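Here is a short briefing on one protein chain. Keep the sequence and the 3D view open as you read.

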Amino acid sequence: MQEVAALLLCKLGGMSGSADEISAVITAAGGEPNEEQIAALVGDVEGKDVNELLAAGMEKIKDIPMGGGGGGGGGGGGGGGGDAAEEVKEEEEEVEEAPPAVDMFGGGDDAGGDY
């Protein structure tokens, strides 16, 4: 699979997708390239357009069920009416103001401090 991913990365990057380029991508990603698999892949896709290969593959698997229908969404908050929204507004109105800032050294605004 890493060979196919490296080939697609090469093609997306505008490269030709040669065996050397695929090996370089795998090595750069920290993997160890398998030269036999790379050679087989390059031989299989030589002269073919990657976009056409992907389209043909999607056509083959279009009728295969891909998972279940899910579990449905979570339940909605039900029937409380508009009271909840009104409560939030009341809480926002009750925000207290911060106390006024004081001098860090405990002195007032008189300039006679012991600094």
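The points below go from the whole chain to single residues.

This is a predicted model. The chain has 5 helices and 0 strands. Its mean pLDDT is 79.

**The whole chain**

- Read from the N terminus, the order of elements is α-α-α-α-α.
- The chain holds 115 residues, and 10% of them are buried.
- Its accessible surface comes to about 9600 Å². Carbon and sulfur atoms make up 54% of that surface.
- Take the contacts in the chain with a separation of 6 or more: 36% of them join residues 24 or more positions apart.

**Confidence**

- A pLDDT of 70 or more is reached by 63% of the residues.
- Which element has the highest mean pLDDT, and which the lowest? Helix 2 is highest, at 95, and helix 5 is lowest, at 58.

**Helix 1**

- Helix 1 spans residues 2-12. Its buried residues are Glu3, Ala6, Leu7 and Cys10.
- Gly14 follows helix 1. Its phi is positive, near 85°.

- Is Glu3 buried or exposed? Glu3 has a relative accessible area of 5%. The cut-off for buried is under 20%, so Glu3 counts as buried.
- Which residues does Glu3 touch, leaving aside neighbours within four places in sequence? Glu3 is in contact with Ile22, Ile26, Asn34, Gln37, Ile38 and Leu41.
- Leu41 is 38 residues from Glu3 along the chain, yet their C-alpha atoms are separated by 7.5 Å.
- Ala5 also has its place in helix 1. Its relative accessibility is 38%, so Ala5 counts as partly exposed.
- The C-alpha atoms of Ala5 and Ile26 are separated by 8.9 Å. Along the chain, these two residues are 21 residues apart.

**Helix 2**

- Ile22, Ser23 and Ile26 are the buried residues of helix 2.
- They cover an arc of only 100° around the axis, so they lie on the same side of helix 2.
- This buried set packs against helix 1 and helix 3.
- The face turned away from the buried side carries Asp20 and Ala28, which are exposed.
- Just after helix 2 comes Gly30, with a positive phi of about 90°.

**A closer look at Ser23**

- Ser23 lies in helix 2. Its relative accessibility is 11%. That is under the 20% cut-off, so Ser23 counts as buried.
- What does Ser23 touch, not counting residues up to four places away in sequence? Ser23 touches Pro33, Glu35 and Ile38.

**A nonpolar patch on the surface**

- Met58, Ile61, Ile64 and Met66 form a nonpolar patch on the surface. Together they have about 410 Å² of accessible area.
- Where is Ile64? Ile64 is in the loop between helix 4 (50-61) and helix 5 (83-93).
- Ile64 has a relative accessible area of 45%. Buried is under 20% and exposed is over 50%, so Ile64 counts as partly exposed.

**The salt bridge**

- How many salt bridges does a search of the whole structure find? The search finds 1.
- The side chains of Glu59 and Lys62 meet in a salt bridge, at 3.0 Å from N to O.
- Lys62 has a relative accessibility of 54%. The cut-off for exposed is over 50%, so Lys62 counts as exposed.

How values were computed. Residues numbered from 1 in each chain as written. Predicted model: local features only at pLDDT ≥ 70, side-chain atom pairs only at ≥ 80, totals over all residues. Heavy atoms only, no water. Buried < 20%, exposed > 50% of the residue type's maximum accessible area, 1.4 Å probe, protein only. Helix = DSSP H or I, 4+ residues; strand = E, 2+ residues; numbered from the N terminus. Patch = residues over 30% accessible without salt bridge, like charges linked within 9 Å, V, L, I, M, F, W, Y side chains within 5 Å. Areas by Shrake-Rupley, 256 points an atom, 1.4 Å probe, with all protein chains shown as cover. Salt bridge = Lys/Arg side-chain N within 4 Å of Asp/Glu carboxyl O. Contact = heavy atoms within 4.5 Å. pLDDT = per-residue confidence, 0-100. Arc of directions from axis to C-beta.
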